[in-house]
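Hi,

Here is the structure I promised to pass on. Have a look at it first, and my notes follow below.

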Amino acid sequence: DHKEDPYRIALAPLHALTTLHQEYSMIHMTGADGALAIGGFTVRAEGAFFQNRPYLRNASDLVGADGLGQLRVRGPFLQQAIGRGCSKLHPCRGRVTLPELFPRGDAVEWGIGVDTLYEGVFALLQMNQILQVNPAPQLLIDDPETRFTVLLRRQFLQDRLELELRSAYTIDSGGWFVFPRVSYAVTDALRVRLGYLAVGGPARSFLGQYAANDEVVLQARYSF
């Protein structure tokens, strides 16, 4: 029953042939940063204004039932569907253009951090935030997007062995990752590294979208 919208029809099943086009755009960024040593600590601050920067949407919002319901089909699709009908022998074909997966907008990004070296342990704590200036569809980042980053590093055996921990947590969406690594300088030219990256959080968040992509990292680096 389509009495409310006589131009709206529902057909099933639907099949789509998708074509992706890569586009290039120019981003304008103006920013500044500074640092100040206070006792045994170093405080850093930075800020930038971005113009026309692309931000990622959730792809399911574009191809889900709600998103597809807002599309308008172009071409002879409607005439075919109303006329002879759609079948495997005579499929109905029409063209649609999905909204941008990376909508562009202006934003302010700023951050402040502090680091110190205590008994051989280098420690850094930093907070970064993204503030959207223009109205935007629901993105994989929140508005505002506030992220805390932690880095701990300690060297042993005359700097040949290094233990490191990197971690980040987004308080607005709950996305996070933890990345411990250990590296060893076999020689002055060869260094090997082993690490494990664990990622988690809601699927509709920038970090949480990679929750099923935990990985073991192996690296060998030779300098000459």
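Does Val 216 count as buried or exposed, and why? Bear in mind that this is a predicted model. Val 216 has 57% relative accessibility, and the cut-off for exposed is over 50%, so this residue counts as exposed. You'll find Val 216 in strand 9.

Val 216 also belongs to a nonpolar patch on the surface. Strand 7 (176-185), strand 8 (190-200) and strand 9 (215-222) are the elements that give two or more residues to the patch. Strand 8 gives the most, with 3 residues.

Now for the inside. The largest nonpolar core has 5 residues, namely Tyr 55, Ala 107, Ile 130, Leu 139 and Ile 141. If you set aside neighbours within four places in sequence, Ile 130 is in contact with Tyr 55, Ala 107 and Ile 141, among others. The contacts of Ile 130 also include Val 108, Glu 109, Asp 142, Asp 143, Pro 144 and Glu 145.

Gln 132 counts as buried because its relative accessibility is 15%, and buried means under 20%. Not counting residues up to four places away in sequence, Gln 132 touches Tyr 55, Ala 107, Leu 139 and Ile 141, as well as Asp 106 and Asp 143.

Cheers

Technical notes:
Residues numbered from 1 in each chain as written. Predicted model: local features only at pLDDT ≥ 70, side-chain atom pairs only at ≥ 80, totals over all residues. Heavy atoms only, no water. Patch = residues over 30% accessible without salt bridge, like charges linked within 9 Å, V, L, I, M, F, W, Y side chains within 5 Å. Areas by Shrake-Rupley, 256 points an atom, 1.4 Å probe, with all protein chains shown as cover. Salt bridge = Lys/Arg side-chain N within 4 Å of Asp/Glu carboxyl O. Helix = DSSP H or I, 4+ residues; strand = E, 2+ residues; numbered from the N terminus. Buried < 20%, exposed > 50% of the residue type's maximum accessible area, 1.4 Å probe, protein only. Contact = heavy atoms within 4.5 Å. Core = buried A, V, L, I, M, F, W, Y, C linked by side-chain atoms within 4.5 Å.
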